[in-house]
Amino acid sequence: RGQLIAQFLSESMLVTAIAAVAAYGLTALVLPAFNHLTGKELSLLHAGWLIPALIVIVVLVGLFSGAYPAFFLSAFRSVEVLKGKLALGGKGGAFRNALVVIQFSISIFLIVGTLVVYRQLGFIQHRDPGYDRSQVLVVGDVDGIADPKQLKAKFTSLLGVIDASLSGFLPTNDHRWHNWGNLPGAGHASVETQLWMVDEDYIPTMGMHIAQGRNFSPKMPTDSDGIILNESAARQFGIEKDPLGKTIHYQHFFKPTDFHVIGIVRDFNFTSVRTSVTPLVLVNRPYDQGGLNIRIAPGHTPDVLAKVRAAWTAYAPTKAFNYSFMDDDFDAVYRAEQRMGNVVIVLTSLAILIACLGLFGLATYAAEQRAKEIGIRKVLGAEVSSIVALLSCDFARLIALAVVIASPLAWWSMHRWLENFAYRTTITLWVFVAAAGIVVAIALVTTLFQSLKAAVRNPVETLRSE
């Protein structure tokens, strides 16, 4: 028995070692693609701990996977085995079934996670952020240019340009100024807000909406001390019902300044949807160290971009022409979530593949173990379809159990993940139905071949020795 145990364990260790070498080679091949997928810069050469860790894993996995056949099979009595009195499948069958249930539970968990992640990404992409990010070209920066307003006027006159604004404070970048404001004599505590320097063309260029009052106007000299609040700021100051004309005091530009409210802009997301919209104040002070933002008419993007580049080169030949599109900047804010979704898809595919391998092995074993039973059923007139249904029914129970186990765990974990977003989608029943349907379909395809093979087998082959 000791020799048998040693043989089983050594075989298991050898197979695991070969698998580890193959896995290391595959990792080296796919690592560049994985780095591109995740935005990382991982390298096998700089992971000095990897080889020792791999050796430990080989030993542990080899011992664990070889322990069951080594100690269980070696304990059989030879006489009973040779007489055919050994009934295989009892406890071992339960253990194999448990492994299949665990594998498919992980697969269902990952499928639900993938669907929820992409549902949230779709929610982010299609949710109205409160401004129109499409067709907006961001050119920056204008720091050092003699007269940015003249350059803005040049861009505005181009065919295909709808609006242009001079400001470095954009909903899709992290350029922020914070300050404290209060209502003089109103007894209200100071409110921390963001303070953005914009011009009179900023709101139409960004596609924002005025909820109350009006926009800045060059025809109104008093607008130099005018401000526009977002709805969150109006609520924080307690003036959401009657904000127009109210005075708000700011320690602005290193000196106390009293601003009067001329309008309220609807709330828009200028940070990730992970956080709620915070108070914001727009001040009519063009920020010359910012950038030029150009709204382009649909269908004119290539032509306008070429003309903007030419105008920039002619006006500022020594300054590099750097640009981006606000849509791309918006996507960059949620790049981590997009990468997470892609990684989850890869992991889900691998988990399903591994689960199918386990299920295929179990189906093959079950069909072989029940070969005589199937032969007797066929002799007694059983149809191929009934035998296939008989074999598939056992696996369907395992998949159903995996669904029951994985669904609440998946709901809990994805609910916790969605709590990181102030604005989020909901986890609906169809997500779990779809995950279960995908797994059931894959499981049926996996087992169907072995079930059909066993069902159409000639019963004479299995019963001739009886």
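**Close-up views of cavities and a pocket**

**View 1. The largest cavity and its lining.** Ile 124, Arg 127, Asp 128, Pro 129, Arg 133, Val 273, Phe 330 and Tyr 334 line the largest cavity. The model is predicted: local features need pLDDT of at least 70, side-chain atom pairs count only at pLDDT 80 or more, and totals for chains, interfaces and linings use all residues. Residues are numbered from 1 along each chain as its sequence is written, and side-chain values use heavy atoms, with hydrogens and water left out. On a 1 Å grid over the protein atoms alone, a cavity is a set of points where a 1.4 Å probe fits but cannot get out, and lining residues have an atom within 4 Å of a point. The largest cavity holds about 40 Å³ of space. Volume here is the space filled by probe spheres set on the points, with grid points joined across faces, edges and corners. Five lining residues are nonpolar, three are charged and none is polar. Asp, Glu, Lys and Arg count as charged; Ala, Val, Leu, Ile, Met, Phe, Trp, Tyr, Cys and Pro as nonpolar; the others, Gly among them, as polar.

**View 2. The second largest cavity.** This cavity has a volume of about 30 Å³. The count of cavities of 30 Å³ or more is two. Its lining consists of Ala 363, Ala 366, Ala 367, Leu 391, Phe 395, Thr 447, Gln 450 and Ser 451. Five of these are nonpolar, three are polar and none is charged. Helices are DSSP runs (H or I, at least four residues), numbered from the N terminus.

View 3. Phe 395 sits in helix 12. It counts as buried because its relative accessibility is 7%; buried means under 20% relative accessible area (1.4 Å probe, protein chains only). Beyond its neighbours within four places in sequence, Phe 395 contacts Leu 359, Leu 362, Ala 363, Ala 366 and Thr 447. Contact means heavy atoms within 4.5 Å.

**View 4. The largest pocket.** A pocket is an open set of points with protein on both sides within 12 Å along at least five of seven lines. The largest one has a volume of about 570 Å³. It is lined by 25 residues, and Ala 23, Thr 27, Val 30, Leu 31 and Leu 44 are the closest to its centre. Helix 1 (2-38), helix 2 (50-73) and helix 10 each supply at least two lining residues. Helix 1 gives the largest share, eleven residues. The lining has 22 nonpolar, three polar and no charged residues.

Technical notes: Buried < 20%, exposed > 50% of the residue type's maximum accessible area, 1.4 Å probe, protein only.
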